[in-house]
Each structure stands twice: as structure tokens, then as C-alpha cells.
Amino acid sequence: MNSLPRQRRGFHTPALLEEAIRGLNVRPDGKYIDATIGGGGHAAEIIKRGGKVLGIDQDQDSIEYVRTNNEDRITKNELVLVRGNFSNIAKIARERNYERADGVLFDLGVSSYQIDQSGRGFSFLRDEPLDMRMSREQTLSAYEIINRQSRDELYNIFSKFGEEKDARAISDDIVRARRIKPIETSRELAEIVARTVRSRGKLHPATKVFQALRIVVNSEIDNLKKGLEGAFSILAPNARLAVISFHSLEDRAVKLFFTRLVQDRRARLINKKPIVASEEEIRTNRRARSAKLRIIEKII
């Protein structure tokens, strides 16, 4: 099979793109929901196969990017864009006449644009304001957490949402550092963590701390659970729900949700074990190395 074309500059080709599109079993004139449209890579491939797409994203930059590069598809009503959180997917689908959808896709990864170009402090390799909000309308930022939360609250965040074994020492050093001056940028925070934690080979010492902050700032796990429930509720019988996750907390939530549906005989697994990226894909897209794809098909 020929590999799919790379996206326009600004957003990377999504991990497991071919596998996700194949798993959705796209049919002509079917209605599909891309709950995390990002740069529009999944949506474009669905449309090429004859499907219509409702694209959702809470990041206004993503919505504007996709709108600018898909004016013809929008005019033809092949693509509908909505800025919103996928926790409200059922409501959005009803409002846009996408109930009884033929498939729903969640790609839970942070986009290359958000990491490399958004200027919101998602990357520990950049010197940017400590923000991490997916939507600028949110009030809570990573800056607020790092500079206002207590030592114990920071410990709970890093240990629970980052599964960081050095959470206590990191929390202590953050509190000490902010007594001198506020911690304002992603690089400042990354340097504090790197001084506290020993090198972990290829994994940057701040990786789990940044993951935990992003999850808490954006209520990612709670929103994911609501989004999965909502997505399944608006699927037509025999339609599929596909989810690409990038860390154990996400994958655990998806696995538990899918297991419950199968046990209740409301759905069947398309893949018993998660689909992972090939060595070839990982060589060309390092962010695919932790991607896991799970797919179910609705029975009732």
C-alpha cells in the first residue's frame, strides 16, 4: 500500500493514519466525526474515500488552519468545522445533524504545531510562557499551577497524572525556586526538573511533569471519559469508534470503556490488542513511538 501524503507545513502527519482510516471502514456518503481535527489529516483521508466529516477542535488555531486549507470541501458540505471540546460531542453532533454517525475518531496526541509553533509552553525544549491551554478561553494555566499550588498539590499532580517517581523532590525544588521569583517559562521549569532528576536516557527528565501539567490544565482524562460516552451514544449500529492514545492514562481509560461495552454486549472489539506503529513509521515520525490505536464496533 502506498503511504499517505504528508500534510501541509505546520501540522505533522498523524501517527497511525493509515491504520486509523482503514479501521473506520469508511463508506461513501457516510457521516464521520473527527473529534480532534488538528491539522485535518484524518478528515482529508475520510473525505477522499467519499465520507463527510464533522471536525471538532477546541484550539482555534487548528480550526482556522483547517478552514483556510479546505475552503472547497467546506463549500461542498463535505466538511463542517466546529470549535468545541469533544466532551460535548453528542450535543455538537445533534446540532450539526451528525447523529447516527458511521464512525468517530479521537487522536489524543498534541499536534506538532502546538508543540513547535503555538508559543504556549507545551515543549520543555522551548523558552515560552508557561501556559499549556488548548483553548485560550480556559482560565487555568500551567503558570497558575506551578506558582500557586501547594507542595502537596504539586506532588499529587505529578505522581497521579505523570506517574513521576521523583514527584516529591521535584515539588520541593519548584517551591524553593518560586520563593525567589515566579517560574514563568517552559524552559525555566524544565531546567528546575532537570537539576532535580537524573538523566533518563532518551527521555527528557521533564517529560512526565509536562505531561501531568497539560492533562490537569485541560482536564484531559475527565473530558476523554465524557467524550467516549458521548461518541458511543451517537454512533449508528455497526459504526466504529477509533481512539489513538499516547500515554498509559489515556490508553487505560479507553481500554476500560471498551471492555465495559464488550462485557455488556453493546460492542465488539475490532482489534483485541492495540495497534502500534511500525518501525518504519517510527523512523520517520518519532512521535508515533508511543501511539496505540483501539477500535470497537457498536452492536446496539
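Here are some questions and answers about the predicted model shown above.

Q: Are helices α8 and α11 roughly parallel or roughly perpendicular?
A: Two packed helices are described by the angle between their axes and the distance between the axes. Here the axes of α8 (residues 151-161) and α11 (residues 207-217) come within 8 Å and cross at roughly 100°. Angles from 65 to 115 degrees count as roughly perpendicular, so α8 and α11 are roughly perpendicular.

Q: How many nonpolar residues does the contact of α8 with α11 have?
A: From α8, the contact is made by Ile 157, Phe 158 and Phe 161. From α11 come Val 209, Gln 211, Ala 212, Leu 213, Ile 215 and Val 216. Sorted by class, there are no charged residues and 1 polar residue, and the number of nonpolar residues is 8.

Q: How many of the residues of α11 are buried?
A: Helix α11 is mostly covered. Its buried residues run through Val 209, Phe 210, Gln 211, Ala 212, Leu 213, Arg 214, Ile 215, Val 216 and Val 217. They pack against α7, α8, α9, α10, α12 and α13. Out of 11 residues in α11, the number buried is 9.

Q: Which residue with a positive phi follows α2?
A: Helix α2 (residues 41-48) is mostly covered, with 7 of its 8 residues buried. Among those buried are His 42, Glu 45 and Ile 47. After the helix comes a residue whose phi is near 95°, and that residue is Gly 50.

Q: Which residue's backbone oxygen does the side chain of Arg 133 reach?
A: The side chain of Arg 133 also has a polar contact, at 2.7 Å, with the side chain of Asp 131. The backbone oxygen is reached at 2.8 Å, and it belongs to Gln 138.

Q: Is Met 132 buried or exposed?
A: Met 132 is in the loop between α6 and α7. Its phi is positive, about 70°, although Met 132 is not a glycine. With 1% relative accessibility, Met 132 counts as buried.

Q: Is Asn 97 buried or exposed?
A: Asn 97 is found in the loop between α5 (89-95) and β4 (101-107). Phi of Asn 97 is positive, near 60°, in a residue other than glycine. Exposed means over 50% relative accessible area, and Asn 97 has 56%, so Asn 97 is exposed.

Q: What is the relative accessible area of Gly 227?
A: Look for Gly 227 in helix α12. Beyond its neighbours within four places in sequence, Gly 227 is in contact with Phe 86, Ser 87, Ile 89 and Phe 106. Gly 227 is buried, and its relative accessible area is 0%.

Q: How many Å apart in space are Gly 227 and Thr 207, C-alpha to C-alpha?
A: Start with the sequence, where Gly 227 and Thr 207 are 20 residues apart. In space, the distance from C-alpha to C-alpha is 25 Å.

Q: Which residue's side chain does a polar contact of 3.2 Å join to that of Asp 152?
A: Asp 152 is in helix α8, and at 47% relative accessibility it counts as partly exposed. Asp 152 and Ala 167 are 15 residues apart in sequence and 9.7 Å apart in space, C-alpha to C-alpha. The polar contact of 3.2 Å joins the side chain of Asp 152 to that of Arg 168.

How values were computed:
Residues are numbered from 1 along each chain as its sequence is written. This is a predicted model: local features need pLDDT of at least 70, side-chain atom pairs count only at pLDDT 80 or more; totals for chains, interfaces and linings use all residues. Side-chain values use heavy atoms; hydrogens and water are left out. Axes are lines fitted to C-alpha atoms, for helices over the stretch in contact, and angles run from 0 to 180 degrees between N-to-C directions. Helices (H or I, at least four residues) and strands (E, at least two) are DSSP runs, numbered from the N terminus. Angles under 35 degrees count as roughly parallel, over 145 as roughly antiparallel, 65 to 115 as roughly perpendicular and the rest as oblique. Contact means heavy atoms within 4.5 Å. Ala, Val, Leu, Ile, Met, Phe, Trp, Tyr, Cys and Pro count as nonpolar, Asp, Glu, Lys and Arg as charged, and the others, Gly among them, as polar. A polar contact is a pair of N or O atoms within 3.5 Å; within protein, one must be able to donate a hydrogen and the other to accept it, and residues adjacent in sequence count only if both atoms are side-chain atoms. Buried means under 20% relative accessible area, exposed over 50%, partly exposed in between (1.4 Å probe, protein chains only).
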